[in-house]
Amino acid sequence: NRKRNMTRLFEKMQTHQYEQVAANDPDAPLPDSMRPLTQADLDRLNDVQTMEELRDIYMHFLLYYGRDIPKMQNQAKKKKKKKRKPRKETVIGEDGEEVEVEVEVEGEEEEEEEEEEEEG
């Protein structure tokens, strides 16, 4: 379970890094402050056998990417808000006329809970 959560966190960070590079100049060299999360890092996570190894990999992840986690989460929230468009429903108003009302789509709470689990 923890290993699966950490794998999702690694994948989200990879996506975040890709989007950061693609948003700027894809042909430019990576900044010195950025260490790309590679497939070798994911393979090392998949090969973990003990909780101690998992903790070591997580600490290694925090060392290199800890400062980027809030940026990644903020970017994901902005992306989610853009993606989530209010749904319009027709409702009969007080005066008997039909009125279109925007209704927010639910189901975001589950995703936010998953993100909180990954942080811990």
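Contact is taken here to mean heavy atoms within 4.5 Å, and this sense applies throughout the description of the predicted model that follows.

In the predicted model, the buried residues of helix α2 pack against α1 (2-23) and α3. The residues in question are D41, L42 and L45, which cover an arc of only 100° around the axis and therefore lie on the same side of α2. From the side of helix α1, where T7 has its place, a corresponding set of contacts can be described: T7 touches L42, L45 and N46, when residues up to four places away in sequence are not counted. T7 itself counts as buried, because its relative accessibility is 17% and the cut-off for a buried residue is under 20%.

The packing of α2 with α3 was examined next. Helix α2 spans residues 39-46 and helix α3 spans residues 51-65, and the two pack at an angle of about 155°, with their axes 10 Å apart. Since angles over 145 degrees count as roughly antiparallel, α2 and α3 are therefore roughly antiparallel to each other. On the α2 side the contact involves D41, R44 and L45, which meet L54, I57, H60 and Y65 in α3. The residues of this contact divide into four nonpolar, one polar and two charged.

The loop between α1 and α2 contains L30. This residue has a relative accessible area of 38% and is therefore partly exposed, as values between the 20% and 50% cut-offs are classed in this way. With residues up to four places away in sequence left out, L30 touches V21 and P36.

At the level of the whole protein chain, the secondary structure comes to five helices and two strands, and these elements follow the pattern α-α-α-α-β-β-α when read along the sequence. The protein chain has 120 residues, of which buried residues make up 21%. Its accessible surface comes to about 9,400 Å², and carbon and sulfur atoms account for 48% of that surface. Where contacts in the protein chain between residues at least 6 apart in sequence are considered, 60% of them join residues at least 24 apart.

How values were computed:
Residues numbered from 1 in each chain as written. Predicted model: local features only at pLDDT ≥ 70, side-chain atom pairs only at ≥ 80, totals over all residues. Heavy atoms only, no water. Axes fitted to C-alpha atoms, helices over the stretch in contact; angles between N-to-C directions. Helix = DSSP H or I, 4+ residues; strand = E, 2+ residues; numbered from the N terminus. Parallel < 35°, antiparallel > 145°, perpendicular 65-115°, else oblique. Nonpolar A, V, L, I, M, F, W, Y, C, P; charged D, E, K, R; others polar. Buried < 20%, exposed > 50% of the residue type's maximum accessible area, 1.4 Å probe, protein only. Areas by Shrake-Rupley, 256 points an atom, 1.4 Å probe, with all protein chains shown as cover. Arc of directions from axis to C-beta.
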